[in-house]
Amino acid sequence: MDTRVPLSHSLWSPYDTVKDSADSMGINLPDESAKNLAMDVEYRIHEILELAIKFMRHSKRKTLMTTDIDYALKVLNVEPLYGYDNSQPLTFKETMVGAGGQTLYYIDDHEVEFEKLINQELPKIPRKTTFTAHWLAIEGVQPMVPQNPLPSEIKNLPPAVRGATSTFLGNDVLALGVSNDGKDGGGSGGVGVSKKKAGTATSTSTTERDFETKPLVKHVLSKELKLYFDKVVEVLVSSDPEKESLKNAALTSLKSDPGLHQLVPYFIQFVAEQITNQLRNIEILSTMLEVISALADNRTIFLDPYVHALMPCILTLLLAKRIGPVVKDNSPECEDTLRSQLAIREFAAILLEHVIKTYGSSYSTLRPRVTRTLLRALLDSTKPVGTHYGALLGLKNLGSEVLKLVLVGNLKVWYRTIIEENELELEKEILVNTVIDILRSLKVNLEIGGVSNGNGTDNNKNDYVNNNNNTNKDGDGDDDDDDAMEVDDITEELKDKLRKRLGAPLSEIVLAQGDAKDIVKGIFFGEVS
């Protein structure tokens, strides 16, 4: 009879583990069964350890803990082990078992007195896992809550970490406007200098891109979109008169093409960079405003996420201290340059009105913030006439409620600090005429009905204006007499109130207008006497 121990294909000995467990339970287990059970036990233990090591690595630890084993058992749908805690290290003791002196390691159980266990205080109930929510940003503004970092901490972070995206255009597109102006210099020397500058710019941009941190999400553009963007940008910044038709075609394409969604952030960034670097070029600024208008008119483009990037561009051209080339005040070109600057500001005011009307419902704080910015620029005595003109146009386009609540109440201070301190008659005339046009926009056209009270006065009118219907309306009388009659219709009480509201100088200018009666009626319309 062969008494040799059969070979086992596992690290677990069938005789030292499985056989001992079977004997302790009174089971007579054959050798072949013990060998198969030992192999299966080894496989199960390996599986548990592999899962536990995964949990350990995901927890950024190098020490395997009992919780890792518990998580592994839960994943394998095995009942976890109870009675093991990570807070107290396990103490193993060694003993000798059996006749052969086999070494056995066991955990030394800590004995606890029953009386002491009953009399001690109950432990605190552990808190349940809860979740709290806080605002990261509310309409682009980060609230000052403990969970959010401080602004000083954000500024100290590198641009790539705090979310600032590197420019997609590089320095090549920004230099197009300058390079186009100096393209006709001629001569080999000019070409050599331009090549040298181009090489320097290329090496600088290459150096910058070598150290650029790539974002986690890559924005992939097709070759067709990239080519389209390059061609449109080249045409928009070109000063060649022969490319005017191409520029109009590019603007028409931006206004109507439906497949420009991916290029919208790049066009907006291009506009912002051109406005920042080309404030002395009226043509470029006008073209950039046309680009913004074209993007806003394109119904297939969703511009809501980019309003916060468009508003600085529009407000810069509306309130900038100086737009266009630098011209001396007494030069003959001063007036023409001022007119061209004001035209840019008028265009920007129209775009501001369009953006606020279109996206004001999505951004509830957009109108108040713009109003506060415009009022601050209007009352700043250090700003030039262009800034005040742009602020007046911007407030005018915000509606009659803003004019009555914000502008009219500050005109007295504004006239005293801005108009009276200005020495140039042309600038005074422009600002005063703009204010009169704004006040004229407050006129209210009311159809006077035939309902009257017992004294013959209309019930729908207040005591500010006397109802005199005996004016000459058949066209046979003199216009000056009609204007004088309208001014005479305004009561002295209302004139005094107008002087208190607007100041004496501006009130006299308003009363000198032909439609002074309607202007005064619009200023005080809706107020209780």
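This is a predicted model: local features need pLDDT of at least 70, side-chain atom pairs count only at pLDDT 80 or more; totals for chains, interfaces and linings use all residues.
Start with the whole chain. It has 529 residues, and buried residues make up 30% of them. The secondary structure comes to 24 helices and two strands.

Helix packing comes next. Two packed helices are described by the angle between their axes and the distance between the axes. Take helix H12 (residues 264-277) and helix H13 (residues 282-297). Their axes lie 10 Å apart, at an angle of about 155 degrees. An angle over 145 degrees counts as roughly antiparallel, and H12 and H13 are therefore roughly antiparallel to each other. Their crossing is left-handed. From H12, the contact uses Phe267, Ile268, Phe270, Val271, Gln274 and Ile275. From H13, it uses Ile284, Leu285, Met288, Val291, Ile292 and Leu295.

Cys313 leads from this pair to another helix. Cys313 sits in helix H14 (residues 307-319). Leaving out residues up to four places away in sequence, Cys313 touches Val271, Ala272, Ile275 and Ile292. Val271 and Ile275 belong to the H12 side of the H12-H13 contact, and Ile292 to the H13 side. Is Cys313 buried or exposed? Its relative accessible area is 4%, so Cys313 is buried. Gln269 lies 44 residues from Cys313 along the chain, yet their C-alpha atoms are separated by 9.8 Å.

H15 (residues 334-359) packs with helix H17 (residues 385-396). The two axes come within 9 Å and cross at roughly 30 degrees. That angle makes H15 roughly parallel to H17, because angles under 35 degrees count as roughly parallel. The crossing is right-handed. H15 contributes Leu338, Leu342, Arg345, Glu346, Ala349 and Leu352. H17 answers with Val385, Gly386, Thr387, Tyr389, Gly390, Leu393 and Gly394.

The largest nonpolar core has 94 residues. Leu352 is among those with the most contacts inside it, along with Leu303, Leu374, Trp414, Leu439, Leu502 and Ile523.

A second core is separate and has six residues. Leu51, Ile69, Ala72 and Leu73 are included in it.

How many salt bridges does a search of the whole structure find? The search finds twelve. Three of them follow, with their helical setting.

Glu353 and Lys357 are in H15, the helix that packs with H17. They are four residues apart, about one turn of the helix. Their closest N and O atoms are 2.9 Å apart. Glu353 counts as partly exposed, at 23% relative accessibility. Lys357 is exposed, at 60%.

Asp40 and Arg44 repeat the spacing in helix H2 (residues 31-58): four residues, about one turn. Their side chains meet in a salt bridge at 3.7 Å, N to O. Asp40 has 36% relative accessibility and counts as partly exposed. Arg44, at 44%, is also partly exposed. The pair does not stand alone. Asp40, Arg44 and Glu47 are linked in a network of salt bridges.

Asp437 and Arg440 are set in helix H20 (residues 425-440). Being three residues apart, they are separated by about one helical turn. The closest N and O atoms of this salt bridge are 3.2 Å apart. Arg440 is partly exposed, with a relative accessible area of 24%. Asp437 is partly exposed too, at 40%.

How values were computed: Residues are numbered from 1 along each chain as its sequence is written. Side-chain values use heavy atoms; hydrogens and water are left out. A salt bridge is a side-chain nitrogen of Lys or Arg within 4 Å of a carboxyl oxygen of Asp or Glu. Buried means under 20% relative accessible area, exposed over 50%, partly exposed in between (1.4 Å probe, protein chains only). A nonpolar core is a set of buried Ala, Val, Leu, Ile, Met, Phe, Trp, Tyr and Cys residues joined through side-chain atoms within 4.5 Å. Axes are lines fitted to C-alpha atoms, for helices over the stretch in contact, and angles run from 0 to 180 degrees between N-to-C directions. Angles under 35 degrees count as roughly parallel, over 145 as roughly antiparallel, 65 to 115 as roughly perpendicular and the rest as oblique. A crossing is left-handed if the near helix is turned anticlockwise from the far one by less than a right angle, and right-handed if clockwise. Contact means heavy atoms within 4.5 Å.
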